[in-house]
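Please examine the sequence and the structure shown below.

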Amino acid sequence: MKMTTLGDEEVPRCGRDEVSLWPREHGAYFQLLLPLGAVFASTIFDVGAFMLALSTVCFFFAHEPAVLLLGHRGSRARGASGGRARRLLGMLAGSGCCCGLWGLSLEGSEVRRSAGLVALAGVCCLLLAWRRWERRIWGGVLVSVTLSMCALPVGLASGIAATPLLYGLGVWTAGQLLLSMLARSVVYVRRDGTVMLQLLTLLSAVLVGALVVWWGHPFLSALTSARDLCLLFGVTGGLIGVWRPRKPRRMGWVLATSSALGTILLARHFLEA
């Protein structure tokens with residue numbers, strides 16, 4: 001299972017000559033929408049937070065038209081669907097900017113700073129796509145972190161305290177990356193195994209460190225869902241490592257189940273905060 005929406009080789013057809021302009025990697029939908037869903041499921045509706053989330057979704061769907069216009073889907077696809085992609089990109093980018101500015105106008109400086117950091121990370125992801133570096137491991141890591149952290153300004157705007165919000169999203173992001181890389185190392189043969197092993201070790205250490213922080217923090221230690229979230233990703237990672245399901249469908253079910261349970265625990269964590 002791939003981690004991001006970026007850098008796919010095949011171009012699905014939606015007609016005789018035109019190509020689909022929908023993001024085609026299912027994992028990226030989960031990485032973006034599940035943390036946002038956890039935030040909205042655990043907080044009272046806020047107009048500013050909703051507009052920020054809508055802006056994020058608009059920019060997410062603008063990715064595929066942008067890479068097609070850059071020529072990364074081939075000259076034939078660009079010639080067949082370039083006009084449609086240009087119109088869709090303009091509509092989505094304009095809508096994203098309007099919704100984002102509207103949401104930021106309703107929120108305070110803390111939300112604006114966090115949105116600026118997420119926007120900066122998004123620009124870096126766009127540069128990765130332009131240079132075709134998003135398929136490299138570290139490029140995929142940056143894209144995955146950016147997608148998950150899009151929930152940061154939305155959570156702050158919804159009234160979640162910064163410490164539990166950052167902790168929950170950090171554990172979620174590290175856990176999702178750990179499981180995704182484990183899946184790739186099991187299902188797909190990788191030539192860059194040394195880098196993969198280093199990242200797996202780092203992410204495992206992050207989860208262990210998160211448990212240590214939870215244990216010693218006077219506020220976080222009262223939030224049992226944070227501990228359960230760490231344990232969920234750890235147990236699922238151990239299951240993948242021992243069972244090693246090489247069929248993509250089986251691996252997909254394992255990751256989907258883990259993501260669904262993780263979303264529930266993340267929402268409970270935000271409620272407890």
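**Briefing: a glycine, a helix pair and salt bridges**

Gly83 counts as partly exposed because its relative accessibility is 31%; buried means under 20% relative accessible area, exposed over 50%, and partly exposed in between, with a 1.4 Å probe and protein chains only. The model is predicted: local features need pLDDT of at least 70, side-chain atom pairs count only at pLDDT 80 or more, and totals for chains, interfaces and linings use all residues. Residues are numbered from 1 along each chain as its sequence is written, and side-chain values use heavy atoms, with hydrogens and water left out.

- Gly83 belongs to helix α4; helices are DSSP runs (H or I, at least four residues), numbered from the N terminus.
- Between the C-alpha atoms of Gly83 and Pro65 there are 9.9 Å, and the two residues are 18 residues apart along the chain.

**Packing of α2 and α4**

- Two packed helices are described by the angle between their axes and the distance between the axes.
- Helix α2 (residues 47-61) and helix α4 (residues 75-105) have axes that come within 8 Å and cross at roughly 160 degrees; axes are lines fitted to C-alpha atoms over the stretch in contact, and angles run from 0 to 180 degrees between N-to-C directions.
- The crossing angle therefore makes α2 roughly antiparallel to α4, a term for angles over 145 degrees.
- On the α2 side, the residues in contact include Gly48, Met51 and Phe61, and on the α4 side they include Leu92, Trp102 and Leu104; contact means heavy atoms within 4.5 Å.

**Salt bridges**

- Side chains of opposite charge can pair when their charged atoms come close.
- The structure holds two salt bridges, each being a side-chain nitrogen of Lys or Arg within 4 Å of a carboxyl oxygen of Asp or Glu.
- One of them joins Arg227 and Asp228, at 3.1 Å from N to O.
- Arg227 is partly exposed at 29% relative accessible area, and Asp228 is partly exposed at 22%.
- Another salt bridge links Glu272 with Arg268, where the closest N and O atoms are 3.8 Å apart.
- Both Glu272 and Arg268 lie in helix α11 (residues 248-272), four residues apart, about one turn of the helix.
- Glu272 is partly exposed at 31% relative accessible area, and Arg268 is partly exposed at 40% relative accessibility.

Conventions: Helices (H or I, at least four residues) and strands (E, at least two) are DSSP runs, numbered from the N terminus. Angles under 35 degrees count as roughly parallel, over 145 as roughly antiparallel, 65 to 115 as roughly perpendicular and the rest as oblique.
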